[in-house]
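Here is a walk through one protein model, taken a few side chains at a time. Have the sequence and the 3D view open as you read.

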Amino acid sequence: MLAFRKARRKLRMGTICSPNPSGTKTASEVCNADWMASLPAHLHNVPLSNLAIPGSHDSFSYWVDEKSPVGPDQTQAVIRLARISLVKKLMKKWSVTQNLTFREQLEAGIRYFDLRVSSKPGDTDQEIYFIHGLFGIKVWDGLMEIDAFLTQHPQEIIFLDFNHFYAMDESHHKCLVLRIQEAFGNKLCPACSVESMTLRSLWEKKYQVLIFYHCPFYKQYPFLWPGKKIPAPWANTTSVQKLILFLETTLSERAPRGAFHVSQAILTPRVKTIARGL
């Protein structure tokens with residue numbers, strides 16, 4: 001899978017649906033919200049790993065709570081600095097990487113979601129939150145928003161990549177996985193051979209959600225895919241030229257079988273990048 005992930009904002013794609021008097025849709029009139037369902041028939045039996053699927057980076061971070069504690073994904077130096085209110089305001093500007101909600105991203109055609117989650121200090125109810133420097137919305141709220149979309153668009157398939165976990169023990173993981181199961185139920189696709197995954201095979205079984213879980217905890221649940229099944233090499237550069245070379249190289253070197261693949265088309269800011277952007 002080639003999930004092209006944008007570092008910053010503006011994920012709107014394509015055209016808005018409009019009625020056609022003939023009752024058929026032209027290529028320019030296909031809804032982004034139903035683009036998988038609208039693919040030509042000859043692509044329905046192509047392995048999903050051979051399709052280019054758009055995704056977003058830090059997908060949940062369209063909103064973060066400036067009043068929340070600094071997340072455990074940050075260094076102690078940043079946590080100390082964040083006691084200054086101005087620092088938190090600056091953090092928020094760099095932590096918010098999307099300007100569309102989950103629902104809006106789905107309607108724009110996004111099907112791969114990069115998710116980082118954490119418990120929150122002081123919480124006693126084991127609630128899990130999305131996180132990127134500062135805490136975002138509750139994971140449960142995001143899952144319900146996604147499930148509502150999938151119910152309305154039964155032929156769309158999504159990839160939820162839980163790739164970073166912070167301040168989470170076994171009880172937190174159990175709570176999160178039960179939430180995932182409760183939210184999606186029979187829509188969850190059990191881990192299987194990547195080569196056998198096609199749109200048609202998923203539609204026949206009414207599967208719509210692939211969950212990738214980058215933690216050994218995945219072994220306890222058949223609907224959790226191991227993180228190694230979806231590698232996402234990271235260029236870690238601010239140079240466009242280096243990024244393009246990295247994407248071309250890693251794509252050409254991807255494993256020919258057995259896994260999906262994420263092309264992280266993102267530039268990573270450094271301290272001096274942020275300092276210049278004050």
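Let's start with F212, which is buried at 0% relative accessibility; buried stands for under 20% relative accessible area, exposed for over 50%, and partly exposed for what lies in between (1.4 Å probe, protein chains only). A word on the ground rules: this is a predicted model, where local features need pLDDT of at least 70 and side-chain atom pairs count only at pLDDT 80 or more, while totals for chains, interfaces and linings use all residues. Residues are numbered from 1 along each chain as its sequence is written, and side-chain values use heavy atoms, with hydrogens and water left out.

**Aromatic rings**

A pair of aromatic rings is described by the distance of the centres and the angle of the planes. Here, rings of Phe, Tyr and Trp (its six-membered ring) pair if their centres lie within 6.5 Å; planes under 30 degrees apart are called stacked, over 60 edge-to-face, and the rest tilted. By that rule, there are 14 aromatic pairs. One of them joins F212 and W225, a tilted pair with 5.5 Å from centre to centre and 50° between the planes. F212 belongs to strand β7 (residues 209-213) and W225 to strand β8 (residues 224-226), so the pair links distant parts of the chain, 13 residues apart. Helices (H or I, at least four residues) and strands (E, at least two) are DSSP runs, numbered from the N terminus. W225 is buried too, with a relative accessible area of 0%.

F217 and Y221 make another tilted pair, with 5.7 Å between centres and 35° between planes. F217 is buried at a relative accessible area of 7%, and Y221 is buried at 17%.

Which rings are linked into a cluster by ring pairs? They are F60, Y62, F102, F113 and F130.

Rings can also have a charge over them, which is counted if NZ of Lys or CZ of Arg is within 6 Å of the ring centre and within 35 degrees of the ring normal. K120 lies over the face of Y129, 4.1 Å from the ring centre. Over at W140, the charged end of R179 sits above the ring, at 4.7 Å from its centre.

**Salt bridges**

Side chains of opposite charge can pair when their charged atoms come close. A salt bridge here is a side-chain nitrogen of Lys or Arg within 4 Å of a carboxyl oxygen of Asp or Glu.

| Salt bridge | N to O distance |
|---|---|
| K89 and E66 | 3.3 Å |
| E66 and K92 | 3.9 Å |
| R116 and D114 | 3.1 Å |

The K89 pair links distant parts of the chain: K89 is in helix α2, and E66 is in the loop between β2 (55-56) and α1, 23 residues apart. K92 is likewise in helix α2, 26 residues from E66. How accessible are these side chains? K89 is partly exposed at 45% relative accessible area, E66 is partly exposed at 25%, and K92 is partly exposed at 27%.

Turn now to R116 and D114. R116 is buried, at 14% relative accessibility, and D114 is buried at 0%. A network of salt bridges links D58, D114 and R116.

Where is H172? It is in helix α5 (residues 170-184). Is H172 buried or exposed? It is buried, because its relative accessible area is 13%. Apart from neighbours within four places in sequence, H172 is in contact (heavy atoms within 4.5 Å) with S119, Q126, I128 and A167.

Q105 lies in helix α3 (residues 102-108) and is buried at 0% relative accessibility. Q105 and A33 are 72 residues apart along the chain, and their C-alpha atoms are separated by 9.0 Å.

L81, I84 and L86 make a nonpolar surface patch of about 320 Å². Patches are made of residues with over 30% relative accessible area and no salt bridge: like charges are joined within 9 Å, and nonpolar side chains (Val, Leu, Ile, Met, Phe, Trp, Tyr) within 5 Å. Accessible areas come from the Shrake-Rupley method with a 1.4 Å probe, and for residues only the protein chains shown count as cover. I84 lies in the loop between α1 (76-81) and α2 (85-95), and I84 is partly exposed, with a relative accessible area of 48%.
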